[in-house]
Amino acid sequence: MVSAVPDDALPRRFGDYLLFDKIGEGGMARIYLGRTKTELGGERLLVVKQILPTLSSSEQFSRALIDEAKLAAQLSHGNIVQVSDLGREDDMLYIAMEYVEGFDLRELLRECSKNKVPLPVEFSLLIVTETLRGLDFAHRRRDDDGKPLGLVHRDVSPSNVLVSFEGEVKLCDFGIARAMGADSDLPDETIQGKAGYMSPEAANGEALDGRGDVFAIGIILWELLAGRRLYKGDGGPSLEQARQAQVPELPTRGYPDEENLHALVMKALSKDVGARYESAQAMLRDLEAYISTAGLVASPLKFGEWLMEHFGAEIIEKRRARERAAKAIEAGPLLRVEPTGTPPPVTSTVHPPAASVRPATRGNSAGGAPPWVYLVVVLLVAAAAAAFMLTPS
Ligand SMILES: Nc1ncnc2c1ncn2[C@@H]1O[C@H](COP(=O)(O)OP(=O)(O)OP(=O)(O)O)[C@@H](O)[C@H]1O
Ligand SMILES: [Mg+2]
């Protein structure tokens, strides 16, 4: 029997949201799938990112995150995950955003290697061009007075590139890394953990502009073409590797015009910021030109079909698991958690399904047999006693 609802019990309410499935956990947050009511009485599925208490309790971090998330919420573009809400609930900061049903790029690559299905180069190039489109849009944003907002993602990495089962590519977590940088008391591992896709200037703690994001997407493209991580090391990529930015030549795979493609990647990965692409747009332009002349054009539609063909079973299983979790909420009325032993002063109310939870019954809430059973027992005892006394000895 349950005497208290654990913090992580699902489904549970969290502000305006009903969280029903945990879909991820990163270095700074827990990610839940939730539902909320829309103004016209409908329901909307979305992702609620709960910032871990260690970060939520830092005033510096909270202020910076709120500033960044407000800017990110203004970004409305097909290649950027739309942020819909930001707030504080139960002493925890949270960000609500569009749910992208699919894989993040890290997961997709893991699935590809597990199933021994190579990701075709045209889809690798599609993932990178679509991400660049999102970056370019954000980098060029201006405020109402026409002043550039200077938005930089700062954490472009495979886990922040989401690939939907429809073949769309969306970048998430815009600007959140800046908030992390605002808190100088953060543990070193948090920063170190990001070294794998960091530009040398970021690793040196220098001022950053959009070219830092260009370097990061350059690493992603290098890795997609090489089929391996750029920076390796026993404890994972190190800040020192990011500072040195040594990029080995890419292996030859026999793609059309391959030297052009390699030159493009190396330009994005130039250690000298001045020699790098000056913007995401400049890189996008060169990459689109290469794709077109090399005949490696792909569309989200084709990518979606390829995903379905190779990972259809996983896709359907993911959908079913989500539907099962959602159905558990629809299954009926709220259930009451009933404690055993000494009753605590308050009973908690949760939704199904939680272990050891059973439907609340009217009356008789202390458990045990109904009153008529006691009455029958008393009558039987009395009758037996009377019979005993009347029996002649
Ligand atoms: N909007 C979303 N829709 C669907 N899945 C999401 C969404 N946002 C995040 N996820 C999933 O949750 C995982 C964890 O996200 P989170 O941002 O907490 O960690 P991370 O991306 O691994 O690390 P970090 O963002 O700190 O570099 C993601 O990798 C992704 O698989
Ligand atoms: Mg993330």
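Mentor: Start with Asp85, which is partly exposed because 16 other C-beta atoms lie within 10 Å. A residue is buried with 20 or more other C-beta atoms within 10 Å of its own, exposed with 12 or fewer, and partly exposed in between, the C-beta atoms being placed from the backbone.

Trainee: Where is Asp85 found?
Mentor: Asp85 is in strand β5, residues 83–89. Helices (H or I, at least four residues) and strands (E, at least two) are DSSP runs, numbered from the N terminus.

Trainee: How far apart are the C-alpha atoms of Asp85 and Ala73?
Mentor: They are separated by 7.7 Å, and the two residues are 12 apart along the chain.

Trainee: And where do the numbers come from?
Mentor: This is a predicted model, in which local features need pLDDT of at least 70 and side-chain atom pairs count only at pLDDT 80 or more, while totals for chains, interfaces and linings use all residues. Residues are numbered from 1 along each chain as its sequence is written, and chains are lettered from A and ligands numbered from 1 in the order in which they are written.

Trainee: How many helices and strands does the protein have?
Mentor: There are 13 helices and 11 strands. Of the 393 residues, 31% count as buried.

Trainee: Which residues touch the most others in the largest nonpolar core?
Mentor: Ile217 and Ala268, in a core of 82 residues. Helix α8, residues 210–226, gives the largest share of this core, 9 residues. A nonpolar core is a set of buried Ala, Val, Leu, Ile, Met, Phe, Trp, Tyr and Cys residues joined through C-beta atoms within 7 Å.

Trainee: What is Ile217 in contact with?
Mentor: Leaving aside neighbours within four places in sequence, Ile217 contacts Val128, Thr131, Leu132, Leu135, Val156 and Ala268. Contact means C-beta atoms, placed from the backbone, within 7 Å.

Trainee: At what angle do α4 and α8 pack?
Mentor: About 175°, with the axes 10 Å apart; α4 covers residues 121–139. That makes α4 roughly antiparallel to α8, a label for angles over 145 degrees. Axes are lines fitted to C-alpha atoms, for helices over the stretch in contact, and angles run from 0 to 180 degrees between N-to-C directions.

Trainee: Switching topic, which residues are closest to ligand 1?
Mentor: Gly24, Gly26, Val100, Asp104 and Ser159, out of 21 that surround ligand 1. A residue counts here if its C-beta atom, placed from the backbone, lies within 6 Å. The elements giving two or more residues to this shell are β2 (17–25), β3 (29–37) and β6 (92–98).

Notes
Two residues are in contact if their C-beta atoms, placed from the backbone, lie within 7 Å. Angles under 35 degrees count as roughly parallel, over 145 as roughly antiparallel, 65 to 115 as roughly perpendicular and the rest as oblique.
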